[in-house]
Amino acid sequence: MSVVTKNVKYNGLTMFWSLCDSTPLEPLREGLTDIGRADLVPEKTEEGDALKRALHFVFRDRRTLVRPLERMRGAYAVVLEDAAALGDEKMQYEEAFKVACIDGDLVFNPDDTEYRFQVERAFQEQQKILPASKLGGVLTKAIMSLQGIPLRPRGGMYWLSEEKLDEWNDIVDVIQGAHQGNSVLGMRTTTDTGTLDAVCFSLTTQVEKMLETLTDDLESGDLGKRALQSREDRARELDSFIQDYETILGKSLQELRDRAGEAESAAAVALLAVLGG
């Protein structure tokens, strides 16, 4: 791919984070809404997941097992191990109770289990907090909305142009303010060849994956009118994304732009065929 270099600054920040597993949901909701980023407000933990986390919180003993029930989603059996009963050579298992979340309510079997109050209280608390995995998803969504670039294939480290840092810092303030255990860290990058190479490589990798997905979708021939329109819009947004980074990096990324244009054209042709049919 031919590259034309210009004298453009591409200072920015390389970011990563360490998050706690129990960030209160309400401060996140209020803080993100106040800064005009209500689109980032996470949904509360699904009831089945909240129940599972509650059970693991209540039963932290290694000899207490929390097992999902095969034929019922969001239902679990709590099983107690007892090595003393039969000696250390064999384990004896006793099911303490089963519990399921049905329409927001916990249903126990047996109904009068001694653990009921503990589980119900833990379940209520788990619905008010966000685990680290979901909070990481909020940060990832935020940084991608600011046209950040993942520096590793599986994420976890991102680069963001300096011109977006004020918006990013507002979001970080909300995340860190919601719980003192949340740390969002960054290292400034400067105008040097190594930074440019790293960002260009990551950008190209990200765009090529997006283009591959778009091409596969279009070649499948199974998309309807709405899906084709969505793919055409996505290709157009991708071309705009590439243009923005041409300005940031001072490099021509014409080959990537050409491929995005081809995907947009293919989507448009397919859409016309559907409308004509």
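1. Asp103 sits in the loop that joins β5 (92-102) to β6. The model is a predicted one, and in it Asp103 has a positive phi of about 55° although it is not a glycine. Most residues other than glycine have a negative phi. With a relative accessibility of 77%, Asp103 counts as exposed, because the cut-off for that class is over 50%.

2. A positive phi is also found at Gln147, about 65°, and this residue is not a glycine. Gln147 belongs to the loop between α4 and β8 (149-150). Is Gln147 buried or exposed? Its relative accessible area is 17%, and because the limit for buried is under 20%, Gln147 is classed as buried. Asp103, by contrast, is exposed.

3. The peptide bond from Asn109 to Pro110 is cis, with omega near 5°. Most peptide bonds are trans. Pro110 is placed in the loop between β6 (105-109) and α3 (116-126).

4. Helix α5 covers residues 165-178, 14 residues in all. From first C-alpha to last, α5 reaches 20 Å, close to the 20 Å expected at 1.5 Å a residue. Its buried residues are Leu165, Trp168, Ile171, Val172, Val174, Ile175 and Ala178. In an α-helix, residues three or four places apart point the same way, because there are 3.6 residues a turn.

5. The largest nonpolar core has 25 residues, and the members that touch the most others are Trp168 and Ile175. At least two residues each come from β1 (12-18), α1 (25-34), α4 (132-145), β9 (158-161) and α5. Which of these gives the most to the core? It is α5, with seven residues.

6. Setting aside residues up to four places away in sequence, Ile175 touches Leu19, Leu28, Leu135, Val138, Leu139, Asn182 and Val184. Another core, of 18 residues, lies apart from the one described above; Ala54, Val66, Phe97 and Leu106 are among its members.

7. Ala75 is part of strand β4 (residues 75-82). Its relative accessibility is 1%, so Ala75 counts as buried. Neighbours within four places in sequence left aside, Ala75 is in contact with Arg67, Pro68, Leu69, Val99 and Ala100. Between Ala75 and Asp49 there is a C-alpha to C-alpha distance of 10.0 Å, and the two are 26 residues apart in sequence.

How values were computed. Residues numbered from 1 in each chain as written. Predicted model: local features only at pLDDT ≥ 70, side-chain atom pairs only at ≥ 80, totals over all residues. Heavy atoms only, no water. Helix = DSSP H or I, 4+ residues; strand = E, 2+ residues; numbered from the N terminus. Expected span 1.5 Å × (residues − 1). Buried < 20%, exposed > 50% of the residue type's maximum accessible area, 1.4 Å probe, protein only. Core = buried A, V, L, I, M, F, W, Y, C linked by side-chain atoms within 4.5 Å. Contact = heavy atoms within 4.5 Å.
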